[in-house]
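Subject: Structure handover

Hello,

Here is the structure I promised to pass on. Please open it alongside this message.

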Amino acid sequence: MKRYASFAGAGLQALLQYRSTFLISAVTATTAVGVQVFLWRAVYAGRESGMLGGFDLPTLTTYVLLAQILGLVQANRVDEEVSGEVQRGDIAVSLVRPVSYPLARFAAGLPVSLTNAVLVAVPVLLLYAVLLPLTTPTATGVLLFVCSAALSLVIGFGVNLLVGFAGFVTTNIWGVRVVKDTVVAFFAGQVVPLALMPGPLAAVAHVLPFQGMVDGPLRLLLGHYDGLPDAAGILAVQLLWAVALSGLAAVAWRGAVRRVEVLGG
Amino acid sequence: MRALTVVTRYARLTWHLSAVSVHRLTEYRMDFLLGAGGLLLRVVCQVAVIGMVFRQVPEIAGWRYHEVLFLLGFSLLPRGLDRMFTDQLWVMARKLVQNGEFFRYLIRPVHPLFSLLSERFLYPDGFGELLTGAALTWYAAAHLELGLGTGALLLAPLLVLCGTLILASIKTLFASLAFWTTNSFPALYAANQLGDFSGYPLDLYHPSLRWLLTWLLPYAFTAYVPATYLLFGRTAMLPWLFVVTAGLVTLALAVWHRGVDRYEMTGS
């Protein structure tokens, strides 16, 4: 445990060296929320009924806003750093360390997520809370959300780690990351809630792990489920994916190490 | 006459260097597919979002489905072109001034801005945007049975060119700040990010945001103004498009030159 704490410290230090990334994240999230909120407000304005897929306007605004914030917190740059290490060859150093590489990466990524949550997510949230009417969640909602958000962090980390390992196969990591960001955001429900997607598309989204990153936590927060069994079901699926992705990352890491050794002669 | 010689020389250089880039593109086929495919996928998702919006209502802020698609498609044309030719500005904003490598653009017998950009001419990732943009514009126009007159058809490429120049100028302007701050990447990124608003009808937004996107960071002229002209025949803003383009290009070049002068001083 103590070994990994030093990785957490190093991750935080690296983050604070690039303070401008906070600004970038804030502008990105603010813009993305703005584009979507304006779009949906126009939709509500053009409709007779004030409900859309079970959401009224303040609830949908809250959803869109928090979806961006969750996405921001999950963006811990693990994909970028891992692929960078692979391409520069620095990954060799990690092989001789007496720690598990995926765990060390998680330890380094966690403070990044938490710092982003405090320094970027909260200001963006406050900004929009002043500008737009939002829905206040219930205490149960908040409690369920906290558990769910923690699991979403693990899922997001697993996805990022796997994408980072793509550096072993291709040199265009930028392209891989554009593909990942797009697919994840779309099927996580970060752009459009799964409840508003047409049937087949929603079905695809439900069998993918990404819905556990945004749609799951926000359904729990906003009370978008039928009774407690349904809520427990959302959490169980998340847990399953968190475990599965961690296992997959471990296997991929082992395979990648073997490949490095072969290349190293 | 001399001006013509200069133009011909730069055109030939651009042609030659683009050919070199195409060669590189065939070498790294997988990389090209990933980059262009990634941007293509992004457009597909944007179209899907618009589709889902229009499942709920027949029109938003006075725009119908295919009109919004046309606007989105059109917005990608200058964006794709800009990405193909000015991507090196990102690298400059991030590190070329900071690590001192920028000097190598000053010792070549061409304009330093051209010299910088030429390192990444025909940057392949832009193809994805350009091709989907063209396909989307074409599809939407066919569906709307958009009967454009000869004048509009002749003007359209010019509108795309102006949009490209506006995007390139905004990028040059913010990248040039690196001459003063050594790293202007955050500022450039923030300015670029606001361009995301321009793929949707500006009528959606609060007037203050609309004003900002028209007069401060004039992204409105890269898509909204030309698209409303082609779709609805609105011409009120069209003359301003050329004024803004000319003004912005002049401003960007002026700031760039001041920055280069500054860089030379510190470099000696």
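Below is what I found in it, topic by topic.

Confidence first. This is a predicted model. Chain A averages a pLDDT of 87, and 98% of its residues score at least 70. Among the elements of chain A, helix H1 (residues 2–17) has the lowest mean pLDDT, at 76. Helix H10 (residues 215–221) of chain A has the highest, at 95. Where pLDDT is low, the predicted coordinates should not be read in detail.

Next, the nonpolar cores. The largest one holds 118 residues. Seven names stand out for touching the most other members: A:Trp40, A:Val192, A:Met197, A:Val214, A:Leu218, B:Ile60 and B:Tyr205. Take A:Trp40. A second, separate core has 24 residues, including B:Phe102, B:Ala175, B:Leu188 and B:Tyr263.

Now helix H6 of chain A. It runs over residues 101–131, which is 31 residues. From first C-alpha to last, H6(A) reaches 43 Å, close to the 45 Å expected at 1.5 Å a residue. Where does H6(A) bend? At A:Ala117, by about 35°. At the start of H6(A), a side-chain oxygen of A:Ser100 comes to within 3.2 Å of the backbone nitrogen of A:Leu103.

A few single residues are worth a look.

A:Ala14 sits in helix H1 of chain A. Its relative accessible area is 33%, so A:Ala14 is partly exposed. A:Ala14 and A:Val112 are 98 residues apart in sequence. In space, they are 9.1 Å apart, C-alpha to C-alpha.

B:Asp82 lies in helix H3 (residues 65–86) of chain B. Is B:Asp82 buried or exposed? B:Asp82 counts as buried because its relative accessibility is 7%, and the cut-off for buried is under 20%. The side chain of B:Asp82 makes a polar contact of 2.8 Å with the side chain of B:Thr86. Leaving aside neighbours within four places in sequence, B:Asp82 is in contact with B:Asp87, B:Thr164, B:Leu167, B:Ala168 and B:Lys171.

B:Thr172 belongs to helix H7 (residues 150–176) of chain B. B:Thr172 has a relative accessible area of 6%, so this residue is buried. Beyond its neighbours within four places in sequence, B:Thr172 is in contact with B:Leu89, B:Leu113, B:Ala252 and B:Trp256.

Best wishes

Key:
Residues are numbered from 1 along each chain as its sequence is written. Chains are lettered from A and ligands numbered from 1 in the order in which they are written. This is a predicted model: local features need pLDDT of at least 70, side-chain atom pairs count only at pLDDT 80 or more; totals for chains, interfaces and linings use all residues. Side-chain values use heavy atoms; hydrogens and water are left out. A nonpolar core is a set of buried Ala, Val, Leu, Ile, Met, Phe, Trp, Tyr and Cys residues joined through side-chain atoms within 4.5 Å. Buried means under 20% relative accessible area, exposed over 50%, partly exposed in between (1.4 Å probe, protein chains only). Helices (H or I, at least four residues) and strands (E, at least two) are DSSP runs, numbered from the N terminus. The expected span of a helix is 1.5 Å times one less than its number of residues. The bend at a residue is the angle between axes fitted to the seven residues ending there and the seven starting there. A polar contact is a pair of N or O atoms within 3.5 Å; within protein, one must be able to donate a hydrogen and the other to accept it, and residues adjacent in sequence count only if both atoms are side-chain atoms. pLDDT is the predictor's confidence in each residue, from 0 to 100. Contact means heavy atoms within 4.5 Å.
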